[in-house]
Amino acid sequence: MGLNLRSESQSIAPLSKEIRYRVWWALYMLDTSLSLMTGRPPGISGVFCTTPLPIPFEEGNLQSDHVLQYIIDKGARSCLMATLLSNRGGNISKDSLTESVPLGYPASSKRSLNRKTALVVAEPLQPNNSLCFLYAARLTILTRKAIDILYAPGAAHKPWIEIEVAISSLNDQTDNWLSSLPTLYDFKAISKAGPLNRQCASLAFHFYSTKLFITQPCLRRLIYRSPEMPNVPIDASGSMTAICIQAAGQLLELLPDKPDLTWLYGVCPWWCALHYFMQSITMILTESFIRTRLGTIRTISIMPKLRKAIAWLKEMSERDVSAQRAWLVCLDFISRHGSKLGLGVDDSL
């Protein structure tokens with residue numbers, strides 16, 4: 001069906017094209033998630049993709065006149081996307097959209113674009129499933145870049161300084177993605193007032209998971225800075241490692257103190273929840289264990305978050321066999337090394 005390509009066919013209705021674009025990005029996101037969870041290469045290559053990002057309007061409104069204009073007019077679509085993915089809070093205005101018009105776009109088309117955007121400006125975009133889907137797809141593109149740059153077999157032959165620069169750049173791009181979120185999706189601010197809703201929680205888990213995935217090579221780098229290898233140079237990995245551990249803690253802070261699986265499976269895809277938890281738990285245990293080996297002072301503030309994560313894992317293990325296996329692995333690790341980390345077996349029971 002050529003879902004990976006922008007459709008230029010005159011025989012396919014514009015609405016059908018947009019639905020196909022959404023199907024493609026759903027498959028792309030699923031493929032990337034499976035790659036992260038299984039450690040296997042993605043099955044879909046972005047190199048052969050020209051499919052535009054989905055427009056941020058609910059499917060029930062795709063046949064509206066002003067929405068169809070964005071589906072049909074590639075220039076208007078590009079301007080809308082550039083504005084949404086670059087401006088803090090997703091603020092849309094005629095001026096910002098006109099400034100985003102691609103070079104070479106006819107002046108007459110610019111005037112037409114101003115008329116078209118008037119409807120959207122008069123009725124600002126509100127949080128909806130399609131808008132959330134757009135930001136999730138954009139974040140998935142960054143995740144795929146991290147897979148290609150940091151985890152492809154060729155990365156093993158690159159000098160560490162090159163990997164380190166790539167990690168810093170990808171981390172900055174992820175922070176830029178966060179700054180582009182509309183105010184009503186600002187999960188860092190919203191989480192302080194209470195439990196997150198489904199859209200905010202989904203983006204929040206996805207964001208912190210991506211940060212962990214990008215920065216965890218720096219944590220592994222610490223393994224080689226053991227007392228037996230004192231000549232390994234100290235570089236900027238320390239700051240990225242701190243970001244990694246901070247992201248692990250922030251992901252766990254999204255969870256209520258008391259395990260509530262009804263809430264969790266209402267805001268987070270059940271097939272991703274265990275992966276998110278184990279990402280954070282693994283990073284925290286690894287960092288704590290390494291620093292204990294190196295004789296440095298560990299961060300005590302992270303331990304309450306770890307205890308909370310284990311409590312959630314235990315609650316999940318009563319319903320899910322995979323969660324049960326994960327909990328038993330954590331239990332075994334704590335029984336062996338918990339005394340060094342300030343944890344006891346009772347913390348996981």
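This is a predicted model: local features need pLDDT of at least 70, side-chain atom pairs count only at pLDDT 80 or more; totals for chains, interfaces and linings use all residues.
## Overall fold

The protein chain is helical: its secondary structure comes to 14 helices and zero strands. Of its 349 residues, 46% count as buried. If you look at contacts with a separation of 6 or more, 72% of them come from residues 24 or more positions apart.

Helix 6 covers residues 129-151, and its length checks out. At 1.5 Å a residue, its 23 residues should span 33 Å, and the end C-alpha atoms sit 31 Å apart, which agrees.

S130 itself lies in helix 6 and counts as buried because its relative accessibility is 5%, below the 20% cut-off. Leaving aside residues up to four places away in sequence, S130 touches R22, I55, P56, F57, E58 and E59.

## Salt bridges

A search of the whole structure turns up ten salt bridges. One of them pairs the side chains of E18 and R77, at 2.8 Å from N to O. That pair links distant parts of the chain, with E18 in helix 1 and R77 in helix 3 (residues 74-84), 59 residues apart. Both ends are tucked away: E18 is buried at 0% relative accessibility, and R77 is buried at 4%.

Helix 6 has a link to helix 1 too, through R144 and D31, which are 113 residues apart. Their salt bridge has its closest N and O atoms 3.1 Å apart. R144 counts as buried at 4% relative accessibility, and D31 counts as buried at 14%.

Then there's E253 with K305, where the closest N and O atoms are 3.4 Å apart. E253 lies in helix 10 (residues 237-253) and K305 in helix 13 (residues 303-317), so this pair ties together parts 52 residues apart in sequence. E253 is partly exposed, at 48% relative accessibility. Elsewhere, salt bridges that share partners join E18, R22, E59 and R77 into one network.

## A nonpolar patch on the surface

L30, L34, Y265, W270 and W271 form a nonpolar surface patch, with about 570 Å² of accessible area together. Helix 1 (14-38) and helix 12 (270-293) each supply at least two of the patch residues.

W271 is found in helix 12, and at 46% relative accessibility it counts as partly exposed.

Notes:
Residues are numbered from 1 along each chain as its sequence is written. Side-chain values use heavy atoms; hydrogens and water are left out. Helices (H or I, at least four residues) and strands (E, at least two) are DSSP runs, numbered from the N terminus. The expected span of a helix is 1.5 Å times one less than its number of residues. Patches are made of residues with over 30% relative accessible area and no salt bridge: like charges are joined within 9 Å, nonpolar side chains (Val, Leu, Ile, Met, Phe, Trp, Tyr) within 5 Å. Accessible areas come from the Shrake-Rupley method with a 1.4 Å probe; for residues, only the protein chains shown count as cover. A salt bridge is a side-chain nitrogen of Lys or Arg within 4 Å of a carboxyl oxygen of Asp or Glu. Buried means under 20% relative accessible area, exposed over 50%, partly exposed in between (1.4 Å probe, protein chains only). Contact means heavy atoms within 4.5 Å.
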